Amino acid sequence: MAFEDVHFRYAPDLPDAVSHVTFMVPADSTVALAGHSGAGKTTCASLLLRHWDPTGGTVRIGGHPLRTLPLTRIRQLIAAVPQETYLFNLSIRDNIRLARPDATDTEVEDAAPAGERGTHLSGGQRQRIAIARALLTGAPILVLDEAVSSLDAESEAEVDRAMRTARTGRTTLIVAHPPSTLRTADTVVLLEEGRIVDTGPHDKLLARCPAYRRLLNEGA
Ligand SMILES: Nc1ncnc2c1ncn2[C@@H]1O[C@H](COP(=O)(O)OP(=O)(O)OP(=O)(O)O)[C@@H](O)[C@H]1O
C-alpha cells in the first residue's frame, strides 16, 4: 500500500489538510502515523478508506490506484478499527458477528480476543470487540485508529496484545496517539501541518528528530 505525493483539501477554500505525502507500507508490516492533533493523521487514514479521493497524487493498494478499485473491493481489502465502537444490545458474540453475519461460532471465537460477558463493557473491552470485528472480515489490510481515551494499565496491555495479534500477517496503518504503539510499529511517519517531517523506525526518529522527541515528551 502506498501514498504517492498525496494532497487533499476538505473544501476549495480551505488549505491543504495533507500535502506532498509519500510513504509506503510493505506487505505484512505496520506503519504508524504520528503527529499533533490536526497534523493530518486521520485524513490519511480516511483517504486510504476512500472516504474521499485525493485532490492530487495517488493512493495505491497492491499497485492499483484506489480510485480504480470498486468500493466493494476496497471494503474486502481493508478493515477499519474506529476509535469509538458502536455496540448493539446483543451478546458479545452477536456484536462481533455483525462484521460478517455468516460467520460460524468458531470463527467468531477465533476472532474474539477474549470472552468476557456482561453488558457494561469497559473502553478496553469495546476496543477489543472492534478488533475482533475487523479480524472476522478477513481483510488483509487494517486501519487502526488508536483510541485516545485513557485505559488502565491492565486494559491497555490487553488491547495492545489484541492489536499485535491482529497485525500479525496483515498490512497495518495505525493512527497513533503517542506513545504506546509507536514503539511497536516497523515505521513511523511523523506529520506536521499535513506534511511529512521524517519517516523511520521509532528508535531512529528518537535519535535524530527533535520534533519527534518533542511530540513524545508532550505525550508522556
Ligand atoms: N471534515 C473536515 N472538514 C474540514 N477540515 C477538516 C475536516 N477534518 C479535518 N480537517 C482539518 O484537516 C487538518 C488535518 O486534520 P486531521 O483530523 O487529519 O488531523 P489528525 O492528525 O488526525 O488530528 P487528531 O489527532 O486530532 O485526530 C486539520 O487542519 C483539520 O482541522
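The axes of helix H5 (residues 123-137) and helix H6 (residues 153-167) come within 9 Å and cross at roughly 5°. H5 and H6 are therefore roughly parallel to each other, a term that covers angles under 35 degrees. On the H5 side, the contact is made by Gly123, Gly124, Gln127, Arg128, Ile131, Ala134 and Leu135. On the H6 side, Ser155, Glu156, Glu158, Val159, Ala162, Met163 and Ala166 take part. These residues divide into seven nonpolar, four polar and three charged. Here Ala, Val, Leu, Ile, Met, Phe, Trp, Tyr, Cys and Pro count as nonpolar, Asp, Glu, Lys and Arg as charged, and the others, Gly among them, as polar. Two residues are in contact if their C-beta atoms, placed from the backbone, lie within 7 Å.

The model is predicted: local features need pLDDT of at least 70, side-chain atom pairs count only at pLDDT 80 or more, and totals for chains, interfaces and linings use all residues. Residues are numbered from 1 along each chain as its sequence is written. Helices (H or I, at least four residues) and strands (E, at least two) are DSSP runs, numbered from the N terminus. Axes are lines fitted to C-alpha atoms, for helices over the stretch in contact, and angles run from 0 to 180 degrees between N-to-C directions.

H5 has 15 residues and spans 22 Å from its first C-alpha to its last, close to the 21 Å expected at 1.5 Å a residue; the expected span is 1.5 Å times one less than the number of residues. Of the 15 residues of H5, 12 are buried, that is, 20 or more other C-beta atoms lie within 10 Å of their own. Among them are Ile129, Ala130, Ala132 and Leu136. The cover over the buried residues of H5 includes strand E6 (78-81), helix H3 (92-97), helix H4 (105-111), strand E7 (141-145) and H6. H5 lies across E6 and E7, running at about 175° to E6. After H5 comes Gly138, with a positive phi near 75°.

E6 and E7 belong to an open sheet of six strands in the order E6-E7-E8-E3-E9-E10, with mixed pairing. E6 and strand E10 (195-200) are its edge strands, each pairing on one side only. Direction ignored, neighbouring strands of this sheet are turned by 15° against each other on average.

A second open sheet has four strands in the order E2-E1-E4-E5, with antiparallel pairing. Its edge strands are E2 and strand E5 (64-65). Helix H1 (residues 41-48) packs on this sheet, touching E1, E2 and E4, and its direction makes about 115° with that of E1.

| Strands | Sense and bridges | Bridge partners |
|---|---|---|
| E1 (residues 2-8) and E2 (residues 18-24) | antiparallel, four bridges | Phe3 and Phe23 |
| E3 (residues 30-34) and E8 (residues 171-175) | parallel, four bridges | Leu33 and Val175 |

Terms used: Parallel < 35°, antiparallel > 145°, perpendicular 65-115°, else oblique. Pairing = 2+ DSSP bridges.
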